[in-house]
Amino acid sequence: RLPPEADEADEERELRRAERAATAVLATEGYFSPALRFEPNTAQVPRYRLFVETGRQTTVGSVEIRFRGPLAEPAFAERATSLKSEWSLPAGAPFRSAEWEAAKNRLMLAVTARDFAAATLAESSAEVDAERATAVLTVEVDSGPAYRVGPPRIEGLQRHDAALVERFNPFKPGAPFDRALMLQFQQALQET
């Protein structure tokens with residue numbers, strides 16, 4: 001919508017802005033080669049109507065998930081294979097920005113759930129071929145070290161004995177880090 005006093009230059013600027021905005025929104029849904037056209041509106045408000053031909057929606061062509069650090073070593077081969085098989089944006093799926101971000105977040109939550117509490121997303125890229133309507137996805141996770149639980153260190157108790165905390169502790173020194181178990185432990189302590 002343009003104010004009544006808008007001149008031709010204002011209209012042109014606003015139409016270019018609207019075209020950029022529409023193109024960006026369509027790209028988030030996997031439409032990278034839309035055809036857009038504005039036509040004057042005879043009703044006067046709004047002055048123009050935007051017609052969109054989306055073209056083909058981009059689909060995932062291939063996915064490469066790599067690990068570095070201990071997670072890439074043979075000792076964790078089964079875990080790495082499992083993480084790859086649980087990837088939620090497989091080849092053939094529509095490529096949408098929201099799904100791409102969600103798939104990376106789910107992968108990182110799965111990696112950090114056990115052993116690798118400090119894992120980071122080292123690299124991620126989506127190479128889109130608009131002509132072929134395909135996207136090649138690459139994700140690399142740096143697992144960081146495999147964490148093990150040490151002996152408990154209890155501080156700050158004034159009214160209760162440390163044995164109370166130790167009674168609820170599900171961890172044994174040397175056990176692998178497990179986020180779900182840690183949350184259960186915290187919940188148990190809060191409920192006492």
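Predicted model: local features only at pLDDT ≥ 70, side-chain atom pairs only at ≥ 80, totals over all residues.
Now widen the selection to the largest nonpolar core, which has 22 residues. Which members touch the most others? They are Trp 87, Leu 89 and Val 111. Colour the elements that each give two or more residues to this core: strand S3 (59–68), helix H2 (77–85), helix H3 (97–113) and strand S5 (134–142). Helix H3 supplies the largest share, 5 residues. In soluble globular proteins, nonpolar side chains tend to be buried together.

Next, stay with strand S5 and pick Thr 138. Is Thr 138 buried or exposed? Thr 138 counts as buried because its relative accessibility is 11%, below the 20% cut-off. Setting aside neighbours within four places in sequence, you will find Thr 138 in contact with Glu 64, Arg 66, Trp 100, Glu 123, Ser 124 and Ser 125.

Time to zoom out to the whole protein chain. Follow its 5 helices and 5 strands, which run in the order α-β-β-β-α-α-β-β-α-α along the sequence. The radius of gyration is 26 Å, well over the 16 Å that the globule rule gives for 192 residues, so the chain is more spread out than a compact globule. Turn the view along the principal axes, and the C-alpha atoms fill a box of roughly 80 × 45 × 20 Å.

Finally, colour by burial: buried residues make up 24% of the 192 in the chain.

Terms used:
Residues numbered from 1 in each chain as written. Heavy atoms only, no water. Core = buried A, V, L, I, M, F, W, Y, C linked by side-chain atoms within 4.5 Å. Buried < 20%, exposed > 50% of the residue type's maximum accessible area, 1.4 Å probe, protein only. Helix = DSSP H or I, 4+ residues; strand = E, 2+ residues; numbered from the N terminus. Contact = heavy atoms within 4.5 Å. Rg over C-alpha atoms; globule rule 2.2 N^0.38 Å.
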